[in-house]
Amino acid sequence: MKMPAFYSILNLAARLTLTAPALVTSAFAQDPTPDTLWHGKAEVPSYAEKVFPPWQHGENNDATKRGFEFTVPEVDDLADFHGDITNPKLVLYVGGNYFFAMAPLVAEFEKEHPDFKGGIYWETIPPGLLIKQIQAGGTITCGNLTWTAKADAYLAGLKKVKESIASGLLVGPAVPYVTNTLAIMLPKDNPAHVTGLADLGKPGVRLAMPNPEFEGIARQIQESLEKAGGSALADAVYKTKVKDGSTVLTHIHHRQTPLFLMQGLADAGITWQSEALFQEQSGHPITHVDIPADQNTTAIYAGAVVKGAAHPEAARLWLSFIHSEPALGIFERYGFKRYIAGDSAKR
């Protein structure tokens, strides 16, 4: 079976590491302005730890007592698990595409409700995976670590929230708060010269795309691809290119897509506009192309209380806060728009 290009690169990196461990840790982790080392006649980029998450340098950790600090980007970092699990007062399962907004949101919430200071734990893995964790009683395993954190509130796309209320996992009502649109995330130098969705179907343009199996954004992306180029473009991106290895399907697109772009493993990937803005605001070598309104797709973000929540009142307090003026102001920093009830063009 032919290996995708992504895995071939990983295999090359492993061989280089074995032959010259003192010279190179990774052959593909490129610094935007890398120092270069030489292995024989081949020029190899130096290892650049800063491209790996976590990207907010501990800001998304609500714990007041952190004890011994041990974080090793790329190896031991648990970037999507935040706070102190010991005895939380509020546990939030948040769709990962606004992980970067959670630190200021939590800080504002604690300013308004000081009793919660240091007592909020939250996760930001994809919404479909959070549902699996709810179904598993809040227990999750990451690497060699297994722990249980039963959610009080679940926040994701409105459609997923309504489905989960109907299935009995969540308790209504669904509380919508902001909307978001899609963009094409690119390396800053845009080596593939991508200017729009149609370019993603071209041979040789390597893509990092969310996996439809557990990332809700994939549904919106496929709709936008069909608007731009019909089923032929959608099939090229999500079938033909997956088969030939030039599309890599991610497990957690809000981490993997920018990382693959910065490593030179992909030329483009569709994400939410807010994610591209965060990467740019962080100073990473990332840029984006806006998708025209007639090709774009708008998502509504919503939340609800989880059935059997240990802290249902705290969950309702968060759901009230999330569409307050201070919270909406934080979302707007990253390009989110306020949800307007009754807008039938949004879903």
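Leaving out neighbours within four places in sequence, Thr-124 is in contact with Asp-80, His-82, Val-94, Gly-96, Phe-99, Met-102, Ile-252, His-254 and Arg-255, where contact means heavy atoms within 4.5 Å. This is a predicted model, in which local features need pLDDT of at least 70 and side-chain atom pairs count only at pLDDT 80 or more, while totals for chains, interfaces and linings use all residues. Residues are numbered from 1 along each chain as its sequence is written, and side-chain values use heavy atoms, leaving out hydrogens and water.

Let's stay with Thr-124 for a moment. Its place is the loop between β5 (120–123) and α3 (127–135); helices (H or I, at least four residues) and strands (E, at least two) are DSSP runs, numbered from the N terminus. Thr-124 counts as buried because its relative accessibility is 0%, and buried means under 20% relative accessible area with a 1.4 Å probe, protein chains only. The Thr-124 side chain also makes a polar contact with the side chain of His-82, at 3.1 Å (a pair of N or O atoms within 3.5 Å, one able to donate a hydrogen and the other to accept it; residues adjacent in sequence count only if both atoms are side-chain atoms).

Now turn to helix α5, residues 217–244. Its 28 residues end with C-alpha atoms only 22 Å apart, short of the 40 Å that a straight helix would reach at 1.5 Å a residue. α5 bends by about 130° at Gly-229, the bend being the angle between axes fitted to the seven residues ending there and the seven starting there. The buried residues of α5, among them Ile-221, Leu-225, Leu-233 and Val-237, pack against β9 (170–187), β10 (207–210), β11 (247–250), α6 (253–263), β12 (269–272) and β14 (298–306).

What about the nonpolar interior? In the largest nonpolar core, which has 73 residues, Leu-92, Tyr-98, Leu-105, Ile-184 and Trp-318 touch the most other members. α5 supplies the largest share of this core, 8 residues. Such a core is a set of buried Ala, Val, Leu, Ile, Met, Phe, Trp, Tyr and Cys residues joined through side-chain atoms within 4.5 Å.

Finally, the rings: the whole structure holds 18 aromatic pairs, with ring centres within 6.5 Å and planes over 60 degrees apart counting as edge-to-face, under 30 as stacked and the rest as tilted. Tyr-301 and Phe-336 are edge-to-face because their planes stand at 85°, with centres 5.5 Å apart.

How values were computed. Buried < 20%, exposed > 50% of the residue type's maximum accessible area, 1.4 Å probe, protein only. Expected span 1.5 Å × (residues − 1). Phe/Tyr/Trp six-rings, centres within 6.5 Å; stacked < 30°, edge-to-face > 60°.
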